[in-house]
Amino acid sequence: MGKSQITFNKKERVKKQQLKRQHKLEKREMHKMDNDKGKALEDMFAYVDEFGNISNTPPEKKYEFKESDLQRPVDTDEYQHGKVSYYNEQGHYGFIRDNLTSQTVYFNDTLAGKVLQLNQKVKYKSVRTKQGNQISEVLVEM
């Protein structure tokens with residue numbers, strides 16, 4: 001009679017494979033239990049109250065919009081103050097630098113309706129165009 005074909009190493013390898021399968025099955029079961037899929041949609045909702053706090057429960061009273069909440073803010077048509085920071089006499093154009101924001105606004109003699117001088121103090125209204133900010137009205141300050 002010959003020796004058994006199943007050696008010690010083969011037995012150990014088979015044991016390791018069975019342990020590995022067992023761990024894999026346990027992991028799969030754990031992931032199934034922790035999975036959020038299949039929960040009801042209401043369980044996944046988050047509600048925000050009127051103060052911005054997030055909670056799981058819906059608010060007791062529904063927020064009612066006021067008419068003032070739905071209206072857009074009205075732009076006040078006030079003049080901005082600045083001075084002419086650059087003027088090209090050949091091209092009859094220049095830039096006005098705002099006193100508060102230090103932003104520049106383009107103008108030319110046709111838009112201004114008058115000839116402005118360098119470092120002259122002005123009051124103006126500006127409009128945003130696709131080329132940039134441009135004056136719509138200008139008044140010379142004394």
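This is a predicted model: local features need pLDDT of at least 70, side-chain atom pairs count only at pLDDT 80 or more; totals for chains, interfaces and linings use all residues.
Ser102 is partly exposed, with a relative accessible area of 42%. Ser102 sits in the loop that runs between S4 and strand S5, residues 104–108. Its backbone deserves attention: although Ser102 is not a glycine, its phi is positive, at about 60°.

A second residue belongs in this part of the discussion. Asn119, also not a glycine, has a positive phi of about 65°. Asn119 is found in the loop between helix H4, residues 109–112, and S6.

How many salt bridges does the model contain by the rule applied here? The count comes to one. That salt bridge joins the side chains of Lys125 and Glu137, at 3.8 Å from N to O. Lys125 belongs to strand S6, residues 121–129, and Glu137 to strand S7, residues 132–140, so the pair ties together parts that are twelve residues apart in sequence.

Are the two partners buried or exposed? Lys125 has a relative accessibility of 14% and therefore counts as buried, the limit for that class being under 20%. Glu137, in contrast, is partly exposed, its relative accessible area being 35%.

Next, a charged residue without such a partner. Asp98 lies in strand S4, which covers residues 93–98. Asp98 is buried and yet has no salt bridge. Which side chain of opposite charge is nearest to Asp98? It is that of Arg97, 9.4 Å away. A salt bridge requires a nitrogen–oxygen pair within 4 Å.

Which residues form the positive surface patch? They are Lys20, Lys24, Arg28 and Lys32. Of these, let me take Lys32 in more detail. Lys32 is placed in helix H1, residues 8–34. Why does Lys32 count as exposed? Its relative accessibility is 58%, and the exposed class begins over 50%.

How values were computed
Residues are numbered from 1 along each chain as its sequence is written. Side-chain values use heavy atoms; hydrogens and water are left out. Patches are made of residues with over 30% relative accessible area and no salt bridge: like charges are joined within 9 Å, nonpolar side chains (Val, Leu, Ile, Met, Phe, Trp, Tyr) within 5 Å. Accessible areas come from the Shrake-Rupley method with a 1.4 Å probe; for residues, only the protein chains shown count as cover. Lys and Arg count as positive and Asp and Glu as negative; His and the chain ends are not counted. The place of a charge is taken as NZ of Lys, CZ of Arg, CG of Asp or CD of Glu. Helices (H or I, at least four residues) and strands (E, at least two) are DSSP runs, numbered from the N terminus. Buried means under 20% relative accessible area, exposed over 50%, partly exposed in between (1.4 Å probe, protein chains only).
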